[in-house]
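This report describes selected features of one protein model, for reading alongside the sequence and the coordinates.

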Amino acid sequence: YEAAGPADPPGLMTTNSLIVVTAEGVVVADGQGNVPAAERMIAEIRKLTPQPIKYVVVCSDHGDHTGGNAAFKAAFPEAVFMSSPVSQKALEKSAVVPSETVGDKRTVKLGGKEIDILNIGRAHTGGDLVVHVPAAKVLFLSEIYFHRLFPAMRAGYPSEWEAAIRKAQGLNATWNIPGHG
């Protein structure tokens, strides 16, 4: 899922999310930057499936990926929000604080699909997570990967970022989905 997100100037950059639809529910990796944008995303998900959103994975704790998380909580109060421990701390004063953390790896089994939430190292935020769907060879890299954009390094960890990208390459995904671009 891709939508123009808050940026300076507005609309300059898109924010990407991953939606994994299963027979038992939906996993969303990264939301959108504000509540109206997340509500539009939820409306698009409802066009795909009647299944509820069961998990929202915070791969990047930056506002352009989390600012709309209250919309998910309002529409799906039972949804579990997951993040890295670093991101949970960064979001402790936000509208939705992740209730579960992933230190290394967590596998969600939903509707016959296995979805791996992985902490492969610090990159852009320090609390970066990726979501890997091994059977589909899909890897959502969030802000570890910017497509056709040079990432802002002001809060990044350059040498660790490179190591995270190498780990991501080792997952042998066919589809590598960026957080932007």
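## Polar contacts and surroundings of His180

The side chains of His180 and Glu143 are joined by a polar contact of 2.8 Å. The model in which this pair occurs is a predicted one. A further polar contact, of 3.1 Å, links the side chain of His180 to that of His65. His180 belongs to strand β12, and its relative accessible area is 1%, so it is buried. With residues up to four places away in sequence left out, His180 touches Met13, Thr14, Thr15, Asn16, Asp64, His65, Glu143, Tyr145, Phe146, His147 and Leu149.

Gly179 is also found in strand β12, which comprises residues 175-180. Its relative accessibility is 0%, and Gly179 therefore counts as buried. Apart from neighbours within four places in sequence, Gly179 is in contact with Thr14, Thr15, Asn16, His65, Ser142, Glu143 and Tyr145. Between Gly179 and Val27 there are 152 residues of sequence separation, and their C-alpha atoms are 16 Å apart in space.

Glu143 is also among the residues that His124 touches; when residues up to four places away in sequence are not counted, the others are His62, Phe146, Ala152, Ala155, Gly156 and Trp161. His124 is located in the loop between β9 (113-118) and β10. With a relative accessibility of 6%, His124 falls below the 20% limit and so counts as buried.

## Accessibility of selected residues

The table collects the relative accessibility of residues discussed in this report.

| Residue | Relative accessibility | Class |
|---|---|---|
| Gly179 | 0% | buried |
| Ser142 | 0% | buried |
| His180 | 1% | buried |
| His124 | 6% | buried |
| Ala70 | 30% | partly exposed |
| Lys137 | 41% | partly exposed |

## Positive phi angles

Most residues other than glycine have a negative phi. Which value does phi take in Lys137? Lys137 is not a glycine, yet its phi is positive, at about 60 degrees. This residue, Lys137, is placed in the loop between β10 (130-133) and β11. Its relative accessibility of 41% makes Lys137 partly exposed, because that class lies between the limits of 20% and 50%.

Ser142, likewise a residue other than glycine, has a positive phi near 50 degrees. Ser142 is situated in strand β11 and is buried, with a relative accessible area of 0%. Ser142 is also one of the residues in contact with Gly179.

## Helix α1 and its cover

Helix α1 consists of 14 residues, 35-48. At 1.5 Å a residue, this helix should span 20 Å, and the distance between its end C-alpha atoms is 20 Å, which agrees. Where α1 starts, a side-chain oxygen of Asn34 comes to within 2.8 Å of the backbone nitrogen of Ala37.

Which residues of α1 are buried? They are Ala37, Ala38, Met41, Ile42 and Ile45. Because these residues cover an arc of only 140 degrees around the axis, they lie on the same side of α1. Arg46 and Lys47 are exposed on the other side of the helix. The cover over the buried residues of α1 includes β3 (18-22), β4 (25-29), β5 (53-57) and α3 (69-75).

Ala70 is found in helix α3. With a relative accessibility of 30%, Ala70 counts as partly exposed. Neighbours within four places in sequence aside, Ala70 is in contact with Val35, Ala95 and Val96. Ala70 and Lys93 are separated by 23 residues in sequence and by 13 Å in space, C-alpha to C-alpha.

## The second largest pocket

The second largest pocket holds about 150 Å³ of space. Its lining is formed by Leu139, Leu141, Ile144, Tyr145, Ile165, Ala168, Gln169, Asn172, Ala173 and Asn176. Which element gives the most to this lining? The answer is β11, with four residues. Both β11 (138-146) and α5 (158-169) supply at least two residues each. Tyr145, one of the lining residues, is also among the residues touched by His180 and is in contact with Gly179.

How values were computed: Residues are numbered from 1 along each chain as its sequence is written. This is a predicted model: local features need pLDDT of at least 70, side-chain atom pairs count only at pLDDT 80 or more; totals for chains, interfaces and linings use all residues. Side-chain values use heavy atoms; hydrogens and water are left out. The expected span of a helix is 1.5 Å times one less than its number of residues. Buried means under 20% relative accessible area, exposed over 50%, partly exposed in between (1.4 Å probe, protein chains only). The arc is that of the directions from the helix axis to the C-beta atoms. Contact means heavy atoms within 4.5 Å. A polar contact is a pair of N or O atoms within 3.5 Å; within protein, one must be able to donate a hydrogen and the other to accept it, and residues adjacent in sequence count only if both atoms are side-chain atoms. On a 1 Å grid over the protein atoms alone, a cavity is a set of points where a 1.4 Å probe fits but cannot get out, and a pocket is an open set with protein on both sides within 12 Å along at least five of seven lines; lining residues have an atom within 4 Å of a point. Grid points are joined across faces, edges and corners, and a volume is the space filled by probe spheres set on the points.
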